[in-house]
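Start with the contacts, then turn to the helix.

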Amino acid sequence: MVIIPATTGQMGVLPGHVATIAELKPGVLSVHEGNDVKKYFVSSGFAFIHANSYADIIAVEAVPVDQIDSAAVQKGLADFTQKLNTATTDLEKAEAQIGIDVHSALNAAITG
Amino acid sequence: MASNAAVPFWRAAGMTYITYSNICANLVRNCLKEPYKTEVLGREKVHFSLSSWKEGKPLKPVVRSDTAKE
């Protein structure tokens, strides 16, 4: 079973899942094989679940969760929270919000 | 029959998906432990030359290169 971080929420995928295309949000993709779980953090992207029970995950960056540096995540979260307060244009606000979303998701990945 | 479902905040701010996705990837790369971080930072390097044309003649091209030759 695979749990994918779709924009509509965590989605569990088992063999036989209906064919689906899901947009992903920054978050943890976990692959469960029996009792073995492998967790990857995906930066964003898409998941294509095919009718023959194959699933493709398309992401610009997908890293094993143990490669994430906790100190960098905390610093990033603090920096972007600060940036959101000082942002003026819509674009700056959007960029700061993206920073907060990604770092929050990274934080949840390493502490979860 | 277009739906009026809420657009994501980044699109409302005028950003395209590809820009959003690249920003997210960039942020994730910068949060990695060494040695993984130095391995992946190579993916952020871009190299391009952009030429504008005016009245049938090319203007001076804009060149951006992160792959500086030593």
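Eight residues of domain 1 of chain A are in contact (heavy atoms within 4.5 Å) with six residues of domain 2 of chain A. This is a predicted model: local features need pLDDT of at least 70, side-chain atom pairs count only at pLDDT 80 or more, and totals for chains, interfaces and linings use all residues. Side-chain values use heavy atoms, without hydrogens and water.

The domain bounds come from an automatic or database domain assignment. Domain 1 covers 2–66 of chain A and domain 2 covers 68–111.

| Domain 1 of chain A with domain 2 of chain A | Value |
|---|---|
| Distance between C-alpha centres | 23 Å |
| Buried area | about 500 Å² |
| Buried area on carbon and sulfur atoms | 76% |

Buried area is the accessible area (1.4 Å probe) that two parts lose on being put together, summed over both. In domain 1 of chain A, A:Pro26, A:Phe41 and A:Val65 lose the most area to domain 2 of chain A, together 75% of what that side buries.

Now helix H2 (residues 90–111) of chain A. Helices are DSSP runs (H or I, at least four residues), and strands are runs of E (at least two). Why does the span of H2 agree with expectation? At 1.5 Å a residue, its 22 residues should span 32 Å, and the end C-alpha atoms are 31 Å apart. The expected span is 1.5 Å times one less than the number of residues.

Note on methods: Residues are numbered from 1 along each chain as its sequence is written. Chains are lettered from A and ligands numbered from 1 in the order in which they are written.
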